[in-house]
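Please open the structure in the viewer and keep the selection tool at hand.

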Amino acid sequence: MKIKIDPAKTKTADLHQYLLGSVAPRPIAFVSTVDKEGNANLAPYSFFNAFSSNPPMLVFSSNRKVADNTTKDTLHNVRETDEVVINVVNHAILRQMALSSVSYESGVSEFEKSGLTPVPSDLVKPFRVKESPVNMECVVKDVITLGYEGGAGHLIICEVVRMHVSEDVLDENKKIDPHKIDLMGRMGRAFYTRASGDSIMKVFQPVGEIPIGYDKLPEHIKNSNILSANDIARLAGLAAWPTDEKIKAWKDANGELKGKDEKGKMKLAKEWIGVDQVEEAFILLVC
Ligand SMILES: Cc1cc2nc3c(=O)[nH]c(=O)nc-3n(C[C@H](O)[C@H](O)[C@H](O)COP(=O)(O)O)c2cc1C
């Protein structure tokens with residue numbers, strides 16, 4: 001059973017939590033701006049993502065507060081200066097990021113409150129966060145107002161004009177290593193997730209190969225109560241049915257498995273899928 005939620009009949013504060021609990025984990029833009037006098041401001045925004053690589057565009061949303069319908073300093077500064085630096089949030093600066101999200105009075109620098117270090121940018125006035133492993137200097141291209149009631153967002157559309165990436169988070173090919181960058185994501189309410197260890201996995205999708213697809217799998221595989229939906233999807237993701245030669249070679253090499261009952265084969269296939277021997281598992285199940 002699923003509960004049904006009608007946005008028109010749900011309090012904004014509750015709807016906010018259903019949306020944020022569902023659209024998660026969200027990346028966190030740690031947004032640095034300055035007002036027209038040059039006073040620094042820093043605040044986290046998890047209504048955030050990258051939307052284009054050419055041109056390189058990032059979008060985040062600064063919302064009217066649900067409690068009192070006021071708008072935020074970041075939005076005021078963006079409207080005054082049209083520039084931001086978006087810094088990423090890794091585990092090492094998580095608590096300092098949380099400190100900076102408090103509603104200090106306008107003109108108070110969250111750099112000072114959080115103990116993070118402002119460093120000058122190359123092309124824009126807002127400072128970069130030294131401790132963040134990636135800083136993206138941006139020019140604001142547009143601000144789209146989504147509404148005028150508490151909770152309404154303002155999409156701030158930013159073009160990246162310079163990136164700074166710490167060498168500490170790069171692998172030997174100068175690509176960002178997800179294990180090294182150790183990014184944080186925002187979930188619903190006060191929950192966060194750390195992208196590290198087992199929570200990072202590779203899902204390899206061959207380019208240009210068309211998988212055989214779930215619909216072409218034999219019924220006993222589709223209906224298996226031993227294989228999980230992910231196991232079955234991996235079998236459906238094979239590029240082609242194994243050739244007769246492959247099946248014959250496999251049978252010759254694994255003659256002792258021929259007598260195994262279906263349940264035993266399913267269990268063994270599951271084990272093999274778990275160690276990436278997907279084609280072997282498929283042959284075991286179809287021969
Ligand atoms: C992890 C995190 C993510 C947040 N994401 C958003 C967001 O996407 N939009 C928003 O309006 N406020 C968001 N907030 C709340 C703002 O950071 C908070 O209102 C802050 O005081 C705004 O600062 P400013 O007035 O200096 O812009 C978030 C807070 C945290 C801790």
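The stops below concern a predicted model and cover the ligand, the nonpolar cores and a pair of helices.

**The ligand**

Select the ligand and display the residues around it: there are 17, and Ala43, Phe47, Asn63, Lys72 and Thr74 are the closest. Two elements, β3 and α2, each give two or more residues to this shell. The largest share, four residues, comes from β3. By type, the shell comprises six nonpolar, eight polar and three charged residues.

**The largest nonpolar core**

Next, select Ala29, Phe30, Val31, Phe60, Ile86 and Val89, which touch the most other members of the largest nonpolar core, a set of 31 residues. At least two residues of this core come from each of β2 (29-34), β3 (40-45), β5 (56-61), α2 (73-81), β6 (83-88), β9 (134-145) and β10 (154-165). With four residues, β6 supplies the largest share.

Centre the view on Val89. Leaving aside residues up to four places away in sequence, Val89 touches Ile28, Phe30, Pro44, Leu94, Met97, Ser132, Leu183 and Met184. Another core, of 11 residues, lies apart from the largest one; Leu235, Ala269, Ile283 and Leu285 are among them.

**The helix pair**

Finally, select α9 (residues 262-274) and α10 (residues 278-286). How do these helices pack? Their axes are 8 Å apart, at an angle of about 170°; α9 and α10 are therefore roughly antiparallel. On α9, the contact is made by Lys265, Leu268, Ala269, Trp272 and Ile273, and on α10 by Val278, Glu280, Ala281, Leu284 and Leu285. Eight of these contact residues are nonpolar, two are charged and none is polar.

Note on methods: Residues numbered from 1 in each chain as written. Predicted model: local features only at pLDDT ≥ 70, side-chain atom pairs only at ≥ 80, totals over all residues. Axes fitted to C-alpha atoms, helices over the stretch in contact; angles between N-to-C directions. Parallel < 35°, antiparallel > 145°, perpendicular 65-115°, else oblique. Contact = placed C-beta atoms within 7 Å. Nonpolar A, V, L, I, M, F, W, Y, C, P; charged D, E, K, R; others polar. Core = buried A, V, L, I, M, F, W, Y, C linked by C-beta atoms within 7 Å. Buried ≥ 20, exposed ≤ 12 C-beta atoms within 10 Å, placed from the backbone. Near = placed C-beta within 6 Å.
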